[in-house]
There are 4 protein chains.
Amino acid sequence: MPDFSSIIRSIHTELDRNTHRGKVATYIPELAGIDAENFGIYLNCISGEDHKVGDWDKPFSIQSISKVLSLAQAFSIEGNSIWQRVDVEPSGNPFNHSSLLELENGIPRNPLINAGALVIADVLVSKLKHPKEEFLNYVRNLTNDDSIAFNTKVALSEKRTGYKNYAAAYLLKSFGNLNNDVETVLDFYFHQCALEMNCQQLTNAFYFLANRGYCMRNHAFLTESQVKRINALMLTCGFYDEAGEFAFEVGLPGKSGVGGGIIALLPNQYTIATWSPGLNEKGNSHLGMQALEQFTTATKLSIF
Amino acid sequence: MPDFSSIIRSIHTELDRNTHRGKVATYIPELAGIDAENFGIYLNCISGEDHKVGDWDKPFSIQSISKVLSLAQAFSIEGNSIWQRVDVEPSGNPFNHSSLLELENGIPRNPLINAGALVIADVLVSKLKHPKEEFLNYVRNLTNDDSIAFNTKVALSEKRTGYKNYAAAYLLKSFGNLNNDVETVLDFYFHQCALEMNCQQLTNAFYFLANRGYCMRNHAFLTESQVKRINALMLTCGFYDEAGEFAFEVGLPGKSGVGGGIIALLPNQYTIATWSPGLNEKGNSHLGMQALEQFTTATKLSIF
Amino acid sequence: MPDFSSIIRSIHTELDRNTHRGKVATYIPELAGIDAENFGIYLNCISGEDHKVGDWDKPFSIQSISKVLSLAQAFSIEGNSIWQRVDVEPSGNPFNHSSLLELENGIPRNPLINAGALVIADVLVSKLKHPKEEFLNYVRNLTNDDSIAFNTKVALSEKRTGYKNYAAAYLLKSFGNLNNDVETVLDFYFHQCALEMNCQQLTNAFYFLANRGYCMRNHAFLTESQVKRINALMLTCGFYDEAGEFAFEVGLPGKSGVGGGIIALLPNQYTIATWSPGLNEKGNSHLGMQALEQFTTATKLSIF
Amino acid sequence: MPDFSSIIRSIHTELDRNTHRGKVATYIPELAGIDAENFGIYLNCISGEDHKVGDWDKPFSIQSISKVLSLAQAFSIEGNSIWQRVDVEPSGNPFNHSSLLELENGIPRNPLINAGALVIADVLVSKLKHPKEEFLNYVRNLTNDDSIAFNTKVALSEKRTGYKNYAAAYLLKSFGNLNNDVETVLDFYFHQCALEMNCQQLTNAFYFLANRGYCMRNHAFLTESQVKRINALMLTCGFYDEAGEFAFEVGLPGKSGVGGGIIALLPNQYTIATWSPGLNEKGNSHLGMQALEQFTTATKLSIF
């Protein structure tokens, strides 16, 4: 067993010296105001031990990381029929001047791009009586933590400026791949993305995907086969146009968010979360990407 | 340990009943003449045991599977500088009317699409004194089998009809991303794709990628880090527009060829090769894809 | 001088025998209910004579034809600065799975595609105090006919189903190329498209573009240079993906609408309007396209 | 009648003061060596008069302008069946990273882009016994000038560096839209583009397209209908991605070449040629574009 504790502490120490930390997202004031100096890591091993360093206990906006959680809930409710409305291929597209090009005849390339996540949101809005509440409860149950909540101010700011998401939703609607009205789906979606967690909570929330579907309290949330599929999607599609690079450099299924968080996991071994709000050119956390690359290099624990 | 032997035999028996076996490639006579009834599986475990069924010992044209082997040789010679000439992102492109769209400013999306493999061929042509011979020797050394050879007739047929590869090579040339002349690079490339192996040989050739860089005779061909990278590429880019589907259904790094072969592997566990020349709509072996999906489902041995 | 009267009558008689008349647009009930048997032609010569045949006096929904009129009004108000927000190149795009691909960094390819017309609508909404009323007045003044009106039922139906236009408007908004809010611009746009005219009124409305900027009452609405530019745009961009074909077969600047109307003109000679609601595969009036082709062939009066 | 002579002289004088003359093409030494100071205009009126100024009598490489002449010859031989192999739509494509994107299922968008001109070259290679000689004779007959010749050095230089044309030809071949072998077609094509003429000769060569198909000696080379079609194509497709701009600013059918030449014409009135080797960003002659814009503005003689 590698000495996890000293590994993550030395990675944190070294990277934290970095003055170039990427650019904090500025499209809404709530994100623009976050201090770029924040940097935390939390490692949650299936064996029971855990290790942490830096700002692991400060909550942040998980943003696109939430797409995996809504996908899990929709998958558990709807089963394989969701794949009729969204594909499972990487979106890697040299021509993606806008996220809308990711649609092919109204079928988004995968559920982890915005258009695909909107289709998943539409599934949940159709299936749940109180979509926002029931999704929040799902995440709280996964994590065994009732303190997790939406940041409503963030959700409202997203709504005010989320023109591209409106465009994607209307385009889906024009192809008949959105059953509810655009405003309702986007209201759900903007709240989903406005979930706040800290690094520890994030590793708890994703624990079931490293543990064959069972959360930390040992309740089953997905079948083993469904877990395999979601992990495959995170590996091939979890990092926008940098998915190949992440699989290549890090070798773990994972997902990043524009708030600077990254979650990654090694099946049967661990989940790991990093948070540093400065983003690289591709929109992924600058320090987080490096931390995870160094972590799998040092521990030799990746899927490849 | 699962009972590998009975698993692959029962998969073979069941699938072999299938009358719908996909379409054999017809673009050159040498492939068009192959009997669609062929179907073999070979499993080569790192532990030493191996298991086989059906037509595992008949040689076939490995075609695009060879791209992984030429990449390995170029990577071992050139190191990371090859990534300046070819990217590592999936090509998944809803608009790919032709393979040429995979280029962005002359940089192919990844080394496992045709344009990318041509750049790798160009690297080898530049670095090797006798490119074809030395590449063949590399494969023979990997496999510890001097009987492996090019099928020259196949190479010549490819050359006669390979207009799309000529177009890709000239386009690369126009962007300054091909240093040797087009005819020389294509002659190498068409020979490389015309390698013939049977399923057993294929599992031997790829053994080093499941064994941290060491071939069956325990010689190192790549570093652990390089192996991780090639496996990541196979997972995200190894199956054309069906890469996401393969990662999702099978959960193994792998590579298919238009001759009907597929190689896949689980690091530290096994390499497995299937051969059935009928192809599905995406150009991957119809029975092979199903066999591998059933194999990882039955054994629960995938990377996810 | 050709015998215009007998030429348009014989064209009408011959084409009217056609049982294959294309498909009437069905996306809103108000268009779906129009009788495909309607077919009218009106020729309005600068010399003063006019000729008509068939259903020339029945009003129909002019739809996209209105884009030329809103462009003319915006051009007269704003001058050349409008070309900073919309380009003048044909959109001919083999990849246009959706109208949104027509945007490049938020600049629509030309003002006669939907995205471009939305930018023009935005200009008018910004510049006019009562945009809908003042646009209607502009058209009434051009035509010298106060009976012209919007069909409000059509406008509301368009709004209920116009998801693609919503998507385009939000995408423009995301690029900062829409200054007013989406609902206001679309309300204007859907009304503009819901203008109703008959063939005669249409030739009167476009008279100024064949008459160096002067309407039938001899008031100037645009400069000669502005007229030249709008005519050039109609020639290169007036018929969607069939613009080249129309220039090629007919050789006149013109514009079609999904309601089955077509306007075309020869500078200093005439304007001509046709109406037949059945559309060909490219979305242009099936009989109208043929009538205009036969008309310029018979009269030898085209711009080429 | 405008005073043509003084108009073209004053345009020439004013523009010739310009120190910013664009960039001379440098991809082959024969073009790179041309003096950017050259600037000539020749106006050839159907009425018989002609007017000239500057370097109108110096021969230059007509390059892409030749595409119209080969199209005319192929059209006269093959008739409308050529449109089964090449379309007539503008190529205006925001995504055209390479000329190859202009192909849709092997059908080039129009005969004035490179891929389309290669198809036309293929038609001539199939139909003519001695393609290069017979094409040259066709041009000499059109122009009534046996001194016109290919510049073989230019043709050979083009062949040495014309990788993009090779790529386009092989791609056409892969789609079955090139009947002869690539080398033969390209040899013809590179010679065709290497024709040399001066401004006067160019206006003579294109005279038939302004004169209903009849050359200066009154021999018919095309029918009136064919002339109309070629003029329509020049207007919509003659200036690469600047076609809309040229139609808009100048309002004449025309064609430019990378050697700095431009030919334009007004049916029944005149042909006009300009030559200045400095190119603007879109690859059209910088001074030539301005000269023609000023000419139609001053004379008010355009098609719109």
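User: Where is the place of B:Gly260 in chain B?
Analyst: This is a predicted model, in which local features need pLDDT of at least 70, side-chain atom pairs count only at pLDDT 80 or more, and totals for chains, interfaces and linings use all residues. Residues are numbered from 1 along each chain as its sequence is written, while chains are lettered from A and ligands numbered from 1 in the order in which they are written. Helices (H or I, at least four residues) and strands (E, at least two) are DSSP runs numbered from the N terminus. B:Gly260 sits in the loop between strand E9 (254–256) and strand E10 (261–266) of chain B.

User: Is B:Gly260 buried or exposed?
Analyst: A residue is buried if 20 or more other C-beta atoms, placed from the backbone, lie within 10 Å of its own, exposed if 12 or fewer, and partly exposed in between. B:Gly260 has 31 other C-beta atoms within 10 Å, so B:Gly260 is buried.

User: Which residues of H1(B) are buried, and on which part of the helix do they lie?
Analyst: In H1(B), the buried residues are B:Ile8, B:Ile11, B:His12 and B:Leu15. Seen down the axis, they fall within an arc of 95 degrees (taken from the directions from the helix axis to the C-beta atoms), so they line one face of the helix.

User: Which elements of chain B do the buried residues of H1(B) pack against?
Analyst: Packing here rests on contact, meaning C-beta atoms, placed from the backbone, within 7 Å. On the other side of H1(B), B:Ser6, B:Thr13 and B:Glu14 are exposed. The buried residues pack against strand E2 (40–45), strand E3 (50–54) and helix H13 (286–299).

User: Which helix gives the most to the side of chain D that touches chain C?
Analyst: The contact takes 30 residues from chain D and 30 residues from chain C. On the side of chain D, helix H11 (224–237) and helix H12 (243–249) each supply at least two residues. The one that gives the most, with 7 residues, is H11(D).

User: What kind of axis relates chain D and chain C?
Analyst: The copies are superposed by least squares on the C-alpha atoms of residues with pLDDT of at least 70 in both. Chain D can be laid on chain C with an RMSD of 0.0 Å by a turn of 180 degrees and a shift of 0.0 Å along the axis. The two copies are thus related as by a two-fold rotation axis.

Note on methods:
Contact = placed C-beta atoms within 7 Å.
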